Amino acid sequence: EGAALIAKAASLAPASHHFEALADKRWWNEHAVGSDAEAASVLHDLMATDAAGRQINIYEVLSCAVVLSPNLRREAKLALLCGLWCGGEEASLAVEEATNFFTSLLQG
């Protein structure tokens, strides 16, 4: 499930251009909503990056969800975050990727 969301985020924009990975409510409802549509709608409204509340940055949302998840073990969190932000098979977090990741956490 995590890998599928990472692939969807990368389809919007690669991690190096995470600031371009904006999703509107329609995209969010089609690709990321699970069984609780009301919770997903509230999350979209809370994480909106524009003043009108129309778009979210998918990297910010996924990063915050992973870090704040009480159901994921530390190792799983690290694997998901490296998969999301590294964008390659080596799964190493360079200074630029780490900076982008922490910036997204702070903005989220």
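This is a predicted model: local features need pLDDT of at least 70, side-chain atom pairs count only at pLDDT 80 or more; totals for chains, interfaces and linings use all residues.
Figure 1. Apart from neighbours within four places in sequence, Ala15 is in contact with Tyr59, Leu84, Trp85 and Asn100. Ala15 lies in the loop that joins helix H1 to strand S1 (22-24). With a relative accessibility of 10%, Ala15 counts as buried, because buried means under 20% relative accessible area. One of its contacts, Trp85, is 70 residues away in sequence, yet the two C-alpha atoms are 5.3 Å apart in space.

Figure 2. When neighbours within four places in sequence are set aside, the contacts of Ala21 are Leu12, Ala13, Ile56, Asn57, Ile58 and Tyr59. Asn57 stands 36 residues from Ala21 in sequence, with a C-alpha to C-alpha distance of 5.5 Å. Tyr59 is in contact with Ala21 and is also listed among the contacts of Ala15.

**Figure 3. The crossing of helices H1 and H4.** Helix H1 comprises residues 2-12 and helix H4 residues 58-68; their axes come within 10 Å and cross at roughly 160°. H1 is therefore roughly antiparallel to H4, since angles over 145 degrees are classed in this way. The crossing of the two helices is left-handed. On the H1 side, Leu5, Ala9, Ala10 and Leu12 take part in the contact, and they meet Ile58, Tyr59 and Leu62 of H4. By class, the residues of this contact comprise seven nonpolar, no polar and no charged.

**Figure 4. Helix H5 and its buried residues.** H5 covers residues 74-86, and its 13 residues should span 18 Å at 1.5 Å a residue; the C-alpha atoms at its ends are 18 Å apart, which agrees with that expectation. Buried positions in H5 are Lys77, Leu81, Cys82, Leu84, Trp85 and Cys86. Two of these residues, Leu84 and Trp85, are in contact with Ala15.

**Figure 5. The chain as a whole, as context for the close-up views.** The chain contains six helices and two strands. Read from the N terminus, its elements follow the order α-β-α-α-β-α-α-α. The chain has 108 residues, of which 31% count as buried. Among contacts in the chain with a separation of 6 or more, 50% involve residues 24 or more positions apart.

Key. Residues are numbered from 1 along each chain as its sequence is written. Side-chain values use heavy atoms; hydrogens and water are left out. Axes are lines fitted to C-alpha atoms, for helices over the stretch in contact, and angles run from 0 to 180 degrees between N-to-C directions. Helices (H or I, at least four residues) and strands (E, at least two) are DSSP runs, numbered from the N terminus. Angles under 35 degrees count as roughly parallel, over 145 as roughly antiparallel, 65 to 115 as roughly perpendicular and the rest as oblique. A crossing is left-handed if the near helix is turned anticlockwise from the far one by less than a right angle, and right-handed if clockwise. Contact means heavy atoms within 4.5 Å. Ala, Val, Leu, Ile, Met, Phe, Trp, Tyr, Cys and Pro count as nonpolar, Asp, Glu, Lys and Arg as charged, and the others, Gly among them, as polar. The expected span of a helix is 1.5 Å times one less than its number of residues. Buried means under 20% relative accessible area, exposed over 50%, partly exposed in between (1.4 Å probe, protein chains only).
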